[in-house]
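Here is a short report on a single protein chain.

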Amino acid sequence: LLSAVPISAHFLWLRESNDTSPYAVVTFGERAGIPESGAMLDLVAKKTHVFLQSSNDPAFELPIAVENVSGGNAELASSPLPVEPPFSLELAATFGVFTEGPQPPRLLKYWANADRVNVVDEWELVQTWGRADGLKILLMVADQKAPEQCKPGVEAAASTVCIHALVSYDGQALANASITTFSSEGSRVGSAVSDKNGMALLKYPVVPGSSEAFTDVYAAVNHHELVSGQYDGKKYDFVDHWATSNARLPRGPEALFLV
């Protein structure tokens, strides 16, 4: 079943719903945070684990189930979240060994996170929570050392928000990682490459004048780990890690670098 679908073109996306009683949402596809065909979601649900952490206490797993959306599309949804921000949502999934054409067999692993804060100062706190293993992207509002084009009042930065991304693998900074950015509508925005410290500055266009209090932004990264092994009785030559991150940024003058 895995070999029948081009999984390598898809990511798992994690976010918080916009409902009055919010819950965790997982989508599977090429478009960030957008429900797509539900054909694979039963299998995805069996292999995906979503965790919630709201302090330094151990994270606990949220049960998820397939929820149909219009047009044959579907998403995975949890029960309502029992806490309010700040908190961290994290996802881990091992899909199994995948072979496509002449390429050597690879083990597919997916990771995702969605951190929620009330104020900018809480970003640093939330970063100390959650897992350190696997591939991870942390999204944070940029500080006052951001380049001139990202600072308030600069004409070239109109309707742009700039945030930092930190890419790590097993808790260590990952250099030269190619990061793709996505808008709240799920479409690709741009790209960036992490420096020797795993850091990159990402720029997102934000439509001014919206009545929404927040805007969701996404980032995705892929990492090939050159290690062989065996999973569920099948051998693989390397591990393909796919990771995404979601950040909810405030609109309006109270947002750093949103002009």
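Trp13 is buried, at 1% relative accessible area. Buried means under 20% relative accessible area, exposed over 50%, and partly exposed in between, with a 1.4 Å probe and protein chains only. Tyr218 is buried too, at 3% relative accessibility.

This is a predicted model: local features need pLDDT of at least 70, side-chain atom pairs count only at pLDDT 80 or more, and totals for chains, interfaces and linings use all residues. Numbering runs from 1 along each chain as its sequence is written, and side-chain values use heavy atoms, leaving out hydrogens and water.

**Aromatic pairs**

The whole structure holds seven aromatic pairs. One of them joins Trp13 and Tyr218 edge-to-face, with 5.8 Å between centres and 90° between planes. Trp13 sits in strand β1 (residues 11-16) and Tyr218 in strand β16 (residues 214-225), 205 residues apart. Rings of Phe, Tyr and Trp (its six-membered ring) pair if their centres lie within 6.5 Å; planes under 30 degrees apart count as stacked, over 60 as edge-to-face, and the rest as tilted.

Phe28 and Phe95 make a tilted pair, because their planes meet at 45°, with centres 6.0 Å apart. Phe28 belongs to strand β2 (residues 23-29) and Phe95 to strand β8 (residues 87-98), so the pair ties together parts 67 residues apart in sequence.

| Residue | Relative accessibility | Class |
|---|---|---|
| Trp13 | 1% | buried |
| Tyr218 | 3% | buried |
| Phe28 | 7% | buried |
| Phe95 | 1% | buried |

Ring pairs also link Phe11, Trp13, Phe182, Tyr218 and Trp242 into a cluster.

**Whole chain**

The protein chain has two helices and 19 strands. These are DSSP runs, numbered from the N terminus: helices are H or I with at least four residues, strands E with at least two. Of the 259 residues, 49% are buried. Contact means heavy atoms within 4.5 Å. Among contacts with a separation of 6 or more, 64% join residues 24 or more positions apart.

**Confidence**

How does the chain score on average? Its mean pLDDT is 83, and 82% of the residues score at least 70. pLDDT is the predictor's confidence in each residue, from 0 to 100. Among the elements, helix α2 (residues 122-127) has the lowest mean, 80, and strand β17 (residues 229-231) the highest, 97. Residues 1-8 stay under 50, with 21 contacts beyond four places in sequence. Residues 252-259 also stay under 50, with 29 such contacts.
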